[in-house]
Amino acid sequence: MIYLDANATTPIAPAVLEAMLPFLRDQHANPSASYAAARQVRRAVDVARGAVAGLLAAEPGEIIFTSGATESMHTTHHSVRALWPEKRRLITTAVEHAAGLECAARWKKSGGEVCLIGVDSQGRVDLAALESALLDEEVALVSVLWANNETGVIQPLHDVVELAHAHGALVHADAVQMPGKAKIHVREVPVDFLSLSGHKFHAPKGVGILYVSQRVRFEPLLTGGGQEGGRRSGTENVAGIVALGKAAELAQKPMDGTLRDAFERDLRARWSEAVIHGQGAMRLPNTSSVHLPGVDAAGMLIMLDQRGLACSAGSACHAGAVHPSHVLEAMGFDAEHAAETLRISFSRMNSPEEATTGAQIVVECAERLRSLRGSACVV
Ligand code: PLP
C-alpha cells in the first residue's frame with residue numbers, strides 16, 4: 001500500500017514503538033504508587049512531559065496528558081465556560097475540524113453565543129471580521145484551527161492572538177496538524193490553550209496533550225484520582241505518554257515540502273487542469289488538496305484503493321449521505337467542486353518514490369474515470 005493519508009493518522013515510528021514497548025511488557029506499575037518500580041514509571045512520564053514541553057517551547061508544568069485533541073478541546077471549553085460564565089461569547093472559524101465545531105455547538109447549547117469567522121478563497125481567516133467580532137465585550141475565547149487538516153492552510157495565529165489578547169479574550173489553538181511539519185512556539189505565539197493528538201505525528205492513537213499557559217486559571221473536566229496535578233484525573237496511559245514523548249523528540253526536526261512538491265509537480269505536469277487549494281496561502285509542507293475537474297472523488301477513492309493507494313476526498317460520507325466539505329464551501333467552492341477534490345497527505349515515513357508513483361496512479365485513475373464518465377458502470 002502507498003499510504004498518503006497522514007493527516008488522518010500516521011504510522012507509529014519504529015523508535016516510538018521501541019520506547020513504549022517496555023511499558024506494555026514489563027514496567028506496568030501505576031505511576032502514582034510509592035515503590036521503586038512506580039517511581040521509575042513516574043520518571044518516564046516526566047521525561048515525556050519534558051520532551052513535549054521542549055517541542056512547544058513550554059514549561060513541563062504547562063503540559064497535561066489527555067486521550068487526544070478532542071478531549072483537550074472539550075476540556076478547554078469546559079474550563080473557560082466554568083471560570084468566566086459572565087463572558088458568553090465564543091469566536092471560532094468556519095473551517096474548524098468537526099471536534100472544534102462540536103465544541104462550538106455545545107457552547108451554544110449551554111446558553112452561550114458563537115460567532116463563526118469566515119475565510120477567503122485561499123482559506124485564510126478574515127482578520128478584519130475577527131477584529132470587529134472582538135468589539136463585543138463578552139468574548140471569552142477565540143478558538144482557531146492553526147493548520148487546516150483538509151487543505152494544510154496555516155492561519156496567521158500570531159495576529160489572531162494579538163487581536164484577541166488586546167480585547168481581553170483567551171485563545172485556544174487546535175494545533176493537531178502542526179507537529180513535525182510547522183513550528184509551534186508558545187512564547188513567540190502566546191496562545192493560552194493548545195491541543196495535540198499523538199497519532200498525527202507517529203505516536204499511537206488515544207494519547208494527546210492540552211497545553212495550558214501558566215498565565216491562565218484552569219478548571220478540570222475530569223476529576224477523580226487527582227492525576228496530572230489534579231488537572232486531568234484518570235490513571236495515566238503510560239505507554240502512550242512515553243510514545244508521545246519520543247514522537248515529540250522526533251518532531252523537533254520538521255519535514256520539508258520535498259514530497260508534496262514532487263507530487264504536485266508531477267500531477268500538474270500530467271494533468272494541467274488540476275488545481276491545488278490554498279496555494280496563495282502559507283501551507284503545511286505535507287498536504288495537497290487537489291481539485292480534479294470532471295473527476296468524481298468518491299469513484300477515485302475506490303479506484304485508488306484497488307491500485308493500493310490510500311488517501312481522502314474533499315467530501316465526507318456519513319450514514320450513506322455524501323456531505324461536501326464545509327472547509328471548501330467556506331472558501332467559496334460549491335458541492336460539485338468539493339466532490340471532485342482529493343486530499344493527499346505525506347508523513348516523514350513516505351519515500352520520494354511514493355510521491356512520484358502516487359502522482360502517476362492518481363493521473364491514471366483520473367483519466368480512466370473521466371473516460372468512463374456517462375457510462376453505466378464506472379468501476
Ligand atoms: N483537530 C484536527 C485538525 C484533526 O485533524 C483531528 C483529527 O482528525 C482532531 C482535531 C481530533 O483529534 P482526535 O480524533 O485524535 O481527538
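Phe-346 is buried in this predicted model, its relative accessible area being 0%. Phe-346 belongs to an aromatic pair with Phe-263, and a search of the whole structure finds one such pair.

**Aromatic pair**

- The ring centres of Phe-263 and Phe-346 are 5.9 Å apart.
- The planes of the two rings stand at 65°, and because an angle over 60 degrees counts as edge-to-face, the pair of Phe-263 and Phe-346 is assigned to that class.
- Phe-263 is part of helix α8, which spans residues 258-270.
- Phe-346 sits in the loop that runs between β15 (341-345) and α12 (352-372).
- The pair therefore ties together parts of the structure that are 83 residues apart in sequence.
- Phe-263 has a relative accessibility of 0% and so counts as buried; Phe-346 is likewise buried, at 0%.

**Contact between helices α3 and α4**

- Helix α3 covers residues 69-83 and helix α4 covers residues 98-109; their axes come within 10 Å and cross at roughly 25°.
- Since angles under 35 degrees count as roughly parallel, α3 and α4 are described as roughly parallel to each other.
- The crossing of α3 past α4 is right-handed.
- On the α3 side, the contact is made by Thr-70, Met-73, His-74, His-77, Val-80 and Arg-81.
- On the α4 side, Ala-99, Gly-100, Cys-103, Ala-104, Arg-106 and Trp-107 take part.
- Classified by residue type, the contact of α3 with α4 comprises six nonpolar, four polar and two charged residues.

**Positive phi at Ala-57**

- Ala-57 has a phi near 60°, a positive value in a residue other than glycine.
- The position of Ala-57 is in the loop between α2 (36-56) and β2 (63-66).
- With a relative accessibility of 25%, Ala-57 counts as partly exposed, because that class lies between the limits of 20% and 50%.

**Positive phi at His-202**

- His-202, also a residue other than glycine, has a positive phi, near 75°.
- The loop between β7 (193-197) and β8 (208-212) contains His-202.
- His-202 is buried, with a relative accessible area of 6%, because values under 20% fall in the buried class.

Conventions:
Residues are numbered from 1 along each chain as its sequence is written. This is a predicted model: local features need pLDDT of at least 70, side-chain atom pairs count only at pLDDT 80 or more; totals for chains, interfaces and linings use all residues. Side-chain values use heavy atoms; hydrogens and water are left out. Axes are lines fitted to C-alpha atoms, for helices over the stretch in contact, and angles run from 0 to 180 degrees between N-to-C directions. Helices (H or I, at least four residues) and strands (E, at least two) are DSSP runs, numbered from the N terminus. Angles under 35 degrees count as roughly parallel, over 145 as roughly antiparallel, 65 to 115 as roughly perpendicular and the rest as oblique. A crossing is left-handed if the near helix is turned anticlockwise from the far one by less than a right angle, and right-handed if clockwise. Contact means heavy atoms within 4.5 Å. Ala, Val, Leu, Ile, Met, Phe, Trp, Tyr, Cys and Pro count as nonpolar, Asp, Glu, Lys and Arg as charged, and the others, Gly among them, as polar. Rings of Phe, Tyr and Trp (its six-membered ring) pair if their centres lie within 6.5 Å; planes under 30 degrees apart count as stacked, over 60 as edge-to-face and the rest as tilted. Buried means under 20% relative accessible area, exposed over 50%, partly exposed in between (1.4 Å probe, protein chains only).
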